[in-house]
Amino acid sequence: MTDTRPAWSARLETERLDRHWGKHEMARRLLIHLGITPTPDKVKNLANQIRGYENGAHYPRNWDYVFSEVLGIPYDELFPKHETALLGTVQEGSTPRQGDDNVKRRAAIHIISAIAAGTAIPPGAIETLFSGLDDSLGRPLGLSEWEATVHEYGQVVGTLPAGELIKDLIADIVAVGELLNRPNSTDDRAALMRVNAGLAGVLAVDFGDVGEKRAARMSWAAARQSADASGDRDLRVWVRGKAAQKAFWTERPDSVVAELASEAIGIADGTPSAGLADAYAARVYVAAARGDTDRVDSTLDDLRRVFDHLPQDTNDQSALAFRESQLRWAESYARTWNADPRAEVSLEHALSLYPSNAFAPRTNLALMKAAVMINDREIEAGLQHAITTMENDYRRCAGRAQLVKRVLHTLPGNARTLPAARELHAFTTAT
C-alpha cells in the first residue's frame, strides 16, 4: 500500500522507532530539551500532537526545530523546504527560513515555551532575539500603526497578569527587526528604532514582573541601544528613568538604580519629560527605603518641579507617561515608610486618581495602607488587609514581594510570630 504521507512525517516516525522511543518518550525528550518539566499532562498532550505529526495531518510549526535538535538531524534534511512549503496546514510565516532567521525563530520559540511552562529562559535566547535587530518574521505595518501599538502596550501592561504580553511583544519585536533589515528602511530607521525601543522597554517591564531578571536586564539594554540610535532625547531619558524604577523593584543594587537615574537626568539636561520624572521617582524610592528623610524631601521637590511642566491633558495610565497618580504614588511611598502622619491622606488621594483596572499600582497602594494601619497600632487589621490584598492580586508581580517584606518589617518584634504574619510572609516566596 502506498504511503501518502509527506516524507518528513514518515521520517519523524522512522527516526523515533529506530531509537526505540514511544510517542510519550519522544514527547518527554522534546519537553526536556526546552527546559520544560515533563508532567504527565504535558507529555500526554504532546504525544497526541506527535501522532498527528507522524500521520501527516499537521506540520509541527512550533516544534520543527526542537525535533531537529533532539533527533540530531539537520533541519533542512529533516524538513525539506520544498515539501513544507506545499503543505496546506502550514500557516503563512511558518515556511522554514535560512541562516540567522532560523536561529532567531528558534530563539523566539524557546523563550515563549519557557514562559508558558514557567521555566527559566534558555541561556543565549534573549541575546539571539535582539542581536542585530534583523529578524525575518513579521507583518508589514505603517509607522503610525507601530507607534499606536507601542502606546497600547504601555497602557495595558499594568492591567493584565504579569507576563501576559511577552509573547505578543516578542513577535512584534521580531517584526520590527524585519522592517529594519529591509534595504529601503534607511529613511524610516530613526522612527523604527523609536518603536523598537518602546517595545523592548515594555517587554523589559513584563519580564521583570514575572521575575525574569536577566531577561529584563537584556531587554532594557536593547531598549537603550535602540533609543540612542533613534536620536530621540526624551525616549533616551525614558528607557533609563523607567529602567531605574524597575531596577529598584527587582531589588537590584542601589548603585545600579542610582547610575541609571543619573544617566537619565544627565541626558535630559533639565528638559522635563516623563522619563526624567521616572528617574527622580526612582531616587525617591531609594531614599525612602534607606530612611533618608532629608533626601526624600529634596528629591520629591525635584520630582514636583518636573511634573509641573508635564502635559496633563489626560489621565490615561501608561508605562510611557507620568501622570499625577504616579506623583501621588511616589509621595505615598515615601510617607508610608517614614511613618509620616500625612501618609494615609496621601494614599487615599493617590488611590482616587487610578482607574479600577490599574491593578498593579492599586495593589501596591493597598499594601502601603496595611503598613500605615500597622504603624497606627492596628496590627491584626493591617496584617489581614495585606493578606486579603495578596489573595486578590491576580497579577502576581514578582516585585510585589519587596512591598510585602516592607510591610512585615513595620511589625513590632513581638508581632512577627503571629499566625497572620507567618501567613503573609509566605507570599514573599510564592510571589
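This is a predicted model: local features need pLDDT of at least 70, side-chain atom pairs count only at pLDDT 80 or more; totals for chains, interfaces and linings use all residues.
Colleague: Why is the pair of Tyr-59 and Phe-79 called edge-to-face?

Modeller: A search of the whole structure finds 17 aromatic pairs, and in this one the rings of Tyr-59 and Phe-79 are 5.6 Å centre to centre, with 80° between the planes.

Colleague: How do you know whether Tyr-59 and Phe-79 are buried or exposed?

Modeller: The relative accessible area of Tyr-59 is 5%, and that of Phe-79 is 0%. Buried means under 20%, so Tyr-59 and Phe-79 are both buried.

Colleague: Why is the pair of Trp-329 and Tyr-333 called stacked?

Modeller: Their ring centres are 5.7 Å apart and their planes stand at 10°; stacked means planes under 30 degrees apart, so the term applies. Trp-329 and Tyr-333 are 4 residues apart in helix α17, and are therefore separated by about one helical turn.

Colleague: Which residues have the most contacts inside the largest nonpolar core?

Modeller: That core has 107 residues, and those with the most contacts inside it are Leu-199, Phe-207, Leu-303, Phe-322, Tyr-333, Val-407 and Leu-424. Helix α15, residues 274–290, supplies the largest share of this core, with 12 residues. Setting aside neighbours within four places in sequence, Leu-199 is in contact with residues including Trp-146, Tyr-153, Leu-169 and Val-176. A second, separate core has 25 residues, among them Trp-8, Ala-27, Leu-71 and Leu-78.

Colleague: Why are helices α19 and α21 called roughly parallel?

Modeller: The axes of α19, residues 359–375, and α21, residues 400–409, come within 9 Å and cross at roughly 10°. Angles under 35 degrees count as roughly parallel, so α19 is described that way relative to α21. Where the two helices meet, the residues of α19 include Ala-360, Leu-367 and Ile-374, and those of α21 are Arg-400, Leu-403, Val-404 and Val-407.

Colleague: What makes α21 largely enclosed by the rest of the structure?

Modeller: In α21, 8 of the 10 residues are buried, so the helix is largely enclosed by the rest of the structure. Among those buried residues are Arg-400, Gln-402, Arg-406 and Val-407.

Colleague: How do you know whether Ser-273 and Asp-269 are buried or exposed?

Modeller: Ser-273 is found in the loop between α14 and α15, and its relative accessibility of 5% is under the 20% limit, so Ser-273 counts as buried. Apart from neighbours within four places in sequence, Ser-273 is in contact with Asp-234, Val-237, Val-306 and Leu-310. Asp-269 also has its place in the loop between α14 and α15, but its relative accessibility is 62%, and exposed means over 50%, so Asp-269 counts as exposed.

Colleague: What is said about phi of Asp-269 and of Ala-339?

Modeller: Phi of Asp-269 is near 50°, a positive value in a residue other than glycine, and phi of Ala-339 is also near 50°. Most residues other than glycine have a negative phi. Ala-339 lies in the loop between α17 and α18, and its relative accessible area of 52% is over 50%, so Ala-339 is exposed.

Definitions and conventions:
Residues are numbered from 1 along each chain as its sequence is written. Side-chain values use heavy atoms; hydrogens and water are left out. Rings of Phe, Tyr and Trp (its six-membered ring) pair if their centres lie within 6.5 Å; planes under 30 degrees apart count as stacked, over 60 as edge-to-face and the rest as tilted. Buried means under 20% relative accessible area, exposed over 50%, partly exposed in between (1.4 Å probe, protein chains only). A nonpolar core is a set of buried Ala, Val, Leu, Ile, Met, Phe, Trp, Tyr and Cys residues joined through side-chain atoms within 4.5 Å. Contact means heavy atoms within 4.5 Å. Axes are lines fitted to C-alpha atoms, for helices over the stretch in contact, and angles run from 0 to 180 degrees between N-to-C directions. Angles under 35 degrees count as roughly parallel, over 145 as roughly antiparallel, 65 to 115 as roughly perpendicular and the rest as oblique.
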